[in-house]
2 protein chains.
Amino acid sequence: MSPFQIETIGLIAAFLTTGSFVPQLIKILKHKSTEGVSLSMYLFMFLGVSLWFLYGFLIESFSVMLANLVAGFLQLIIIYFKLKWR
Amino acid sequence: MSPFQIETIGLIAAFLTTGSFVPQLIKILKHKSTEGVSLSMYLFMFLGVSLWFLYGFLIESFSVMLANLVAGFLQLIIIYFKLKWR
């Protein structure tokens with residue numbers, strides 16, 4: 001498999017795992033409630049994606065860097081609402 | 001940075017992002033409720049981590065493979081309870 005094909009798989013994976021935070025964010029905004037969403041989950045995850053971003057940089061994986069940059073941004077928004085409406 | 005040091009960062013990242021599903025799972029089991037947890041989020045994410053696992057295999061990243069294997073397993077448990085208690 002060519003590096004281009006491999007990176008395409010990585011980008012589809014990135015789109016899915018990062019995109020999976022969007023329905024959760026919509027649900028939070030629609031109900032104006034973060035009930036049932038775990039703050040500790042998002043705090044661990046945010047720290048984790050920050051390290052994944054560093055790891056992606058070190059192994060020179062564009063997919064890993066992009067996925068975790070966007071995921072971290074969406075998680076920060078969810079953490080913000082969780083703290084605002086606690 | 002040595003490959004060993006890089007992989008250590010990846011494994012810490014893996015531990016954090018995968019571990020972040022544990023508090024959510026505990027919360028679900030404690031309250032016997034999946035209210036507020038988005039099913040579509042977990043379905044997208046499960047498909048995503050499956051592709052990440054494949055990507056990790058293709059780029060020969062042990063951290064990416066391990067993180068997504070364990071995360072996928074935890075997500076399957078959450079999806080199971082979401083469907084059971086819907």
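**Entry 1: charges across the interface.** I looked for salt bridges between chain B and chain A and the count is zero. This is a predicted model, so I keep in mind that side-chain atom pairs count only at pLDDT 80 or more. I then turned to polar contacts. Across the interface of chain B and chain A, 10 residue pairs are in polar contact, both residues at pLDDT 80 or more.

**Entry 2: which parts of chain B touch chain A.** I went through chain B by element. At least two residues each come from α1 (3-19), α2 (21-31), α3 (39-58) and α4 (62-84) of chain B on the side that touches chain A. Which helix gives the largest share of that side? It is α3(B), with 13 residues. By class, I get 24 nonpolar, 10 polar and four charged residues on the side of chain B that touches chain A.

**Entry 3: extent of the contact.** I noted the residues on each side: 38 from chain B and 38 from chain A. Next I looked up the buried area. The size of an interface is often given as the accessible area lost when the parts come together. Here chain B and chain A bury about 3200 Å² between them. Carbon and sulfur atoms carry 77% of that area. Which residues of chain B lose the most area to chain A? They are B:Leu16, B:Trp52 and B:Tyr55. Together these three make up 20% of what the chain B side buries.

**Entry 4: empty space inside.** Rolling a probe the size of a water molecule over the atoms shows where empty space is left. I searched the whole structure and found one cavity of 30 Å³ or more. The volume of the largest cavity is about 310 Å³. I listed its lining next. The largest cavity has 22 lining residues. Nearest its centre lie A:Trp52, A:Asn68, B:Thr17, B:Trp52 and B:Asn68. Two or more lining residues come from each of α1 (3-19), α3 (39-58) and α4 (62-84) of chain A, and from each of α1, α3 and α4 of chain B.

**Entry 5: chain A on its own.** I counted four helices and zero strands in chain A. Read from the N terminus on, the order is α-α-α-α. Along the principal axes, the C-alpha atoms of chain A fill a box of roughly 45 × 20 × 15 Å.

Definitions and conventions
Residues are numbered from 1 along each chain as its sequence is written. Chains are lettered from A and ligands numbered from 1 in the order in which they are written. This is a predicted model: local features need pLDDT of at least 70, side-chain atom pairs count only at pLDDT 80 or more; totals for chains, interfaces and linings use all residues. Side-chain values use heavy atoms; hydrogens and water are left out. Contact means heavy atoms within 4.5 Å. Buried area is the accessible area (1.4 Å probe) that two parts lose on being put together, summed over both. A salt bridge is a side-chain nitrogen of Lys or Arg within 4 Å of a carboxyl oxygen of Asp or Glu. A polar contact is a pair of N or O atoms within 3.5 Å; within protein, one must be able to donate a hydrogen and the other to accept it, and residues adjacent in sequence count only if both atoms are side-chain atoms. Ala, Val, Leu, Ile, Met, Phe, Trp, Tyr, Cys and Pro count as nonpolar, Asp, Glu, Lys and Arg as charged, and the others, Gly among them, as polar. On a 1 Å grid over the protein atoms alone, a cavity is a set of points where a 1.4 Å probe fits but cannot get out, and a pocket is an open set with protein on both sides within 12 Å along at least five of seven lines; lining residues have an atom within 4 Å of a point. Grid points are joined across faces, edges and corners, and a volume is the space filled by probe spheres set on the points.
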